[in-house]
Amino acid sequence: MSSKILIGNGILITRDRENHFYDKGAVCIEGERILEAGDHALLLHKYPDAEYIDAEGMLIMPGYINNHEHIYSEFARGASIPGSAPKNFLEILDGTWWHIDRNLALDETYYSAAACYIECIRNGVTFVSDHHASFGGIRGSLNKIADAAKMLGVRTCLSYEVSDRDGMEKRDDSVNENIEFIDRVHNENSNMLKGLIGLHASFTLSDETLEMCAQKNVHDAGYHVHVAEGFYDEEHSRKTYGKSVVRRFYDMGILKDNSIAVHCNHISEDDMDLIAERKTTVIHNPESNMGNAVGAPDMITMMDKGIRVGLGTDGYTNDMMESLKVANILQKHRRGLPDRGFLEACRMCFDNNAAIASDIIGERYGAIEAGLPADVILVDYHPVTPLTGDNVNGHLMFGVNGAMTDTTIINGKVLMRHRKLVQADEEQILSKSREAAAALWKKL
Ligand SMILES: [Zn+2]
């Protein structure tokens, strides 16, 4: 049997350097890489022995990228937490998220990750950057998530959110968890598994803790940190340290060109200039911001200042097309003007997310182009209006959602075909995941 797979007879959206588009295109995969993309008839003639996947007129595209997720939050779905009627963001954190993560044991972390990666595959997400917390079982937790990612075949970047909130012993454990994991992935040097140093947020990180992270940092790893998500974080920094969160992280060396500053909801234009100067990436999570009532960040000014803003979901969903839609309308709603937001949301979700993931993975990623990692999805979308190379994003924004993903291929492996997982027993894993979630809920 040939090691080549030819996926053809669909509308090919490459997002390559020239943004090639084919009404009837094909992509040939060999092993873990894209061998060639182009005209269907031409490639069919050129690779007659390849295993053929008929796209049946669907969209053939690069997979979606999620640059900020909390995989463990998968287990919050449907949970009712006694006494939880939060009045502000801090009460949401302490009453829900920290309460869950204090009770998360390693086995529960593993199954929450397996369940989340299944949802990634089902939504066409081929790369996800996680920000993990499980203060009920810190050491070994990132390896557990990595095991789940490997079992399901999803490309991922992991980090553990260091925090002082549960005492110094757990703080130390969380720092060491990051460092050992980063050392592991550095040695493995696989483009399927990467790491960043996770930091919770300024208001639960002392100067001593930040210094410890900088001192112990290995391989010049970047940081993945929440920045001024709620106003409380910003207020706390100004009161405690006499400066903004961004200025504090700037001064402490946390803002680097390979660091990820998540949210940035309550930052000033001066702060934006500091982020731009350091070439730090910002990740926007519009649905989560709205759900937590923490305000709508000014992503348009940040992007106008040259900041690279990407898109995540922050545990709210695994559907990047949902996040794309809300990113567009949230900026319009915030400005009270409908003139901006569409281009910016698309740039976050497609161009910038691909560039951010490329930097993390260590090679060009997020396009269908010869030599790139073979992460390809088929989307069961049949346009009612003309679809051309110039209006792809308009069709995706207003016509496509994650559940329309028919086929997901990551690293050259077909993981889902016609919405059925082909390499993993989904029902068995989800049954175990429901058991693990129920065990967690009993503790809450
Ligand atoms: Zn987050």
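Colleague: Which side chain makes a polar contact with the side chain of glutamate 161?
Modeller: This is a predicted model, and glutamate 161 sits in its loop between β8 (155-158) and α5 (168-188). The cut-off for buried is under 20% relative accessible area, so glutamate 161, at 3%, counts as buried. The partner of the glutamate 161 side chain, at 3.0 Å, is the side chain of arginine 165.

Colleague: Where around the axis of α9 do its buried residues lie, on the same side or on opposite sides?
Modeller: Helix α9 (residues 269-278) has Asp271, Met272, Leu274 and Ile275 as its buried residues. Because these cover an arc of only 160° around the axis, they fall on the same side of α9.

Colleague: Which elements do the buried residues of α9 pack against?
Modeller: An α-helix has 3.6 residues a turn, so residues three or four places apart point the same way. In α9, the buried residues include Asp271 and Leu274. The elements packed against the buried residues of α9 are α7 (231-241), α8 (245-251), β13 (281-284) and α11 (299-304).

Colleague: Which residue caps the N-terminal end of α9?
Modeller: The cap uses a side-chain oxygen that lies 3.4 Å from the backbone nitrogen of aspartate 270. That oxygen belongs to serine 268.

Colleague: Is alanine 228 buried or exposed?
Modeller: Alanine 228 is in the loop between β11 (223-227) and α7. Its phi is near 45°, a positive value in a residue other than glycine. Because its relative accessible area is 0%, alanine 228 is buried.

Colleague: What is the angle at which α12 and α13 pack?
Modeller: Two packed helices are described by the angle between their axes and the distance between the axes. Residues of α12, among them Met320 and Leu324, meet residues of α13, among them Phe342 and Ala345. The crossing of α12 past α13 is right-handed. The axes of α12 (residues 320-335) and α13 (residues 342-361) are 7 Å apart, and the angle is about 145°.

Colleague: Which backbone oxygen does the side chain of histidine 395 reach?
Modeller: Histidine 395 belongs to helix α14 (residues 392-399). At 8% relative accessibility, histidine 395 counts as buried. Its contacts beyond four places in sequence include Tyr381 and Leu387. The backbone oxygen reached by its side chain, at 3.0 Å, is that of proline 386.

Colleague: What is the distance in space between glycine 31 and glycine 412, C-alpha to C-alpha?
Modeller: Glycine 31 lies in the loop between β2 (21-30) and β3 (33-39), and is partly exposed, with a relative accessible area of 40%. Beyond four places in sequence, glycine 31 touches Ser3, Asn411 and Gly412. Glycine 31 and glycine 412 are 381 residues apart in sequence, and their distance in space is 5.7 Å.

Colleague: How far apart in space are methionine 416 and asparagine 292, C-alpha to C-alpha?
Modeller: Methionine 416 lies in strand β17 (residues 413-417) and is buried, with a relative accessible area of 0%. Methionine 416 and asparagine 292 are 124 residues apart in sequence, while in space they are apart by 33 Å.

Technical notes
Residues numbered from 1 in each chain as written. Predicted model: local features only at pLDDT ≥ 70, side-chain atom pairs only at ≥ 80, totals over all residues. Heavy atoms only, no water. Buried < 20%, exposed > 50% of the residue type's maximum accessible area, 1.4 Å probe, protein only. Helix = DSSP H or I, 4+ residues; strand = E, 2+ residues; numbered from the N terminus. Arc of directions from axis to C-beta. Contact = heavy atoms within 4.5 Å. Polar contact = N/O pair within 3.5 Å; in protein donor to acceptor, adjacent residues only side chain to side chain. Axes fitted to C-alpha atoms, helices over the stretch in contact; angles between N-to-C directions. Left-handed = near helix turned anticlockwise from the far one by under 90°.
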